[in-house]
Amino acid sequence: MPAQVRRFFISLLQVVLLTAAMVALVFVAIRPDPNHYFAGSALQLELLKNTPSPRIILVGGSNVSFGLDAELMQRKLGIPVINDGLHAGLGVAPLRELQEHIRAGDVIIISLEYQLFSSRDVMEGDLTFLSDWIEYAPQRIKYLSDPWRDAPSLYAIMLQRKVNRQVNTFLFGGSLNDVRDVFIGTRYNSNGDFIGHLQQASTPRRKISFEPYPVSSVEQDIFNVLEQFHQFAHLKGAQVYFEAPASRRINCENTGEASLANFFKTFNEKSTIPLLTPVEEVCLPDKYFFDTAYHLNAEGRQLRTERLIENLIRLTVSK
């Protein structure tokens, strides 16, 4: 090999090694942000690992995180309750994580936002949200539908967001809490409930979108995922139920009573998971919503949780 070519490859190797070292240094030096909303997922994971069974586990997107009170359920039912809800942008990845922690005697209540039923892409999760979630527990990469395909893009996003976070932190004088509003990762209680919004006034009704919920068509893929999860949980000795997501009345009206009823009819036809929520209780008054058509305020959260407790007891007793 000519000396000039050898020098070129040596230089190229040096550049590659230097780049790899710099990337590795960024990943090691910039730690996960303890104030990011997703930091609560680390607490939730510890609860899944360490809370003895039997227990009740609530899982889903932010409609669960914001809108169900695991602490109240635990107090009223007398058994441990874990809120494992976080964000719909994670798709079904949290269900795959939860599957590893199911034990005999567990009761699992799933409440997924309607978007996950209408699109396979939404069901599988957004790589930006997933990169933030995986940063707190790197082993979560295996819960992606295709880790080998998605990992390069996901880690590139994670690297970019780490750097951006450091720059923004510097510009905002050491904290991003002001721009995050109530969505702060330290605002979870010991049951995994997000409680940062409970003292906040609700957004004026007219400022929350009135758009219909996407229930006009559903994908079979989500039912395949739910059925596999249900069968796995059954073999482990756990019981699974489905709770309708927090649904705002004006959005329900714009969706159409027939469309919404048909969604739950389809759910009952395609899924063996019992539905906890009577159809007439799915939609809640607008005044109970905080800032989106899925996020309940303190009053709405209490009402929904008390109804869930009643429906869970009713369905359990009737067996």
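Rings of Phe, Tyr and Trp (its six-membered ring) pair if their centres lie within 6.5 Å; planes under 30 degrees apart count as stacked, over 60 as edge-to-face and the rest as tilted. Keep that in mind for later.

What we have here is a predicted model, in which local features need pLDDT of at least 70, side-chain atom pairs count only at pLDDT 80 or more, and totals for chains, interfaces and linings use all residues. Residues are numbered from 1 along each chain as its sequence is written, and side-chain values use heavy atoms, with hydrogens and water left out.

Confidence first. pLDDT is the predictor's confidence in each residue, from 0 to 100. The protein averages 87, and 84% of the residues score at least 70. Residues 12–25 stay under 50. For that stretch the model has two contacts beyond four places in sequence; contact means heavy atoms within 4.5 Å.

Now the overall picture. The protein has 14 helices and six strands. These are DSSP runs, numbered from the N terminus: helices are H or I with at least four residues, strands E with at least two. Of the 319 residues, 48% count as buried. Buried means under 20% relative accessible area, exposed over 50%, partly exposed in between (1.4 Å probe, protein chains only). Take the contacts between residues at least 6 apart in sequence: 82% of them join residues at least 24 apart.

Next, helix α11, residues 220–236. Just after α11, G237 takes a positive phi of about 90 degrees.

Back to the rings. The whole structure holds 23 aromatic pairs. One of them is Y37 with F66: 6.3 Å centre to centre, 45 degrees between the planes, tilted. Y37 sits in the loop between α1 (3–29) and α2 (40–50), F66 in helix α3 (residues 62–67), 29 residues apart. Y37 is buried at 8% relative accessible area. F66 is buried too, at 1%.

Then F38 and F129. Their ring centres are 6.4 Å apart and the planes stand at 50 degrees, so this pair is tilted. F38 lies in the loop between α1 and α2, F129 in helix α8 (residues 127–135), so the pair ties together parts 91 residues apart in sequence. Buried or exposed? F38 is buried at 2%, while F129 is partly exposed at 30%.

There is also a cluster. Y114, F117, Y213, F223, F242, F263, F264, F267 and Y294 form one aromatic cluster.

Two backbone items to finish. The peptide bond from S53 to P54 is cis, with omega near 0 degrees. P54 lies in the loop between α2 and β1 (56–60). In strand β1 we find G60, buried at 11% relative accessibility. G60 and G85 are 25 residues apart in sequence, yet 4.6 Å apart in space, C-alpha to C-alpha. Beyond four places in sequence, G60 is in contact with D84, G85, L86, H87, S111 and L112.
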